[in-house]
Amino acid sequence: MIKSNICKKVSGQNIKIGKHYSLYCKKKFSEIVNKYAVNAISYSSNIIKRKYYYRVKLKIVLSENADYEATAKAKFPYDALNMAIIHLSKILRRHCRKIKNDNKGNKQIRFLKDSFLLYNLK
């Protein structure tokens, strides 16, 4: 969940960021973090304006000292942000699944070790 004490940064390069874009970006980040129930330390969003398109770079740092980055580009800034958010949500979904599977595998290994010890003690 996004806490009030984490570092939130929304910035622009060659473009001025308005309040509405930054609020929209923060809202989208909070939706993703709440959906996948990850503990985020910080996140940042950087929008870059080129001649014919906008590029958005999103970066999120999680509590497990893992950081993930997603980029997207489109003709409009909100479209670029939405595509980057979709890409970041896929990354976080895979991260959560990996952690869940690792925990499940460790649980099975512990069960096998315990059953092996019990069998040999009899």
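**Reading the aromatic pairs**

Phe29 and Tyr43 are both buried, in what is a predicted model.

Trainee: How do I read a pair of aromatic rings?

Mentor: A pair of aromatic rings is described by the distance of the centres and the angle of the planes. Here the count comes to three aromatic pairs.

Trainee: Take Tyr24 and Tyr78: what kind of aromatic pair do they form?

Mentor: An edge-to-face one, with 5.2 Å centre to centre and 75 degrees between the planes of Tyr24 and Tyr78. That pair links distant parts of the chain, as Tyr24 is in helix 1 and Tyr78 in helix 2 (residues 77-121), 54 residues apart.

Trainee: Which residues make up the aromatic cluster?

Mentor: Tyr21, Tyr24 and Tyr78 form one cluster.

Trainee: What about the sheet: in which order do its strands come?

Mentor: It's an open sheet of four strands, ordered 1-2-3-4, with mixed pairing. Strand 1 (7-13) and strand 4 (67-74) are the edges, each pairing on one side only. Strand 1 runs parallel to strand 2 (residues 40-49), joined by seven bridges.

Trainee: Which residue lies over the face of Tyr53?

Mentor: Lys73, at 4.8 Å from the ring centre.

How values were computed: Residues numbered from 1 in each chain as written. Predicted model: local features only at pLDDT ≥ 70, side-chain atom pairs only at ≥ 80, totals over all residues. Heavy atoms only, no water. Pairing = 2+ DSSP bridges. Helix = DSSP H or I, 4+ residues; strand = E, 2+ residues; numbered from the N terminus. Phe/Tyr/Trp six-rings, centres within 6.5 Å; stacked < 30°, edge-to-face > 60°. Buried < 20%, exposed > 50% of the residue type's maximum accessible area, 1.4 Å probe, protein only. Lys NZ or Arg CZ within 6 Å of the ring centre and 35° of its normal.
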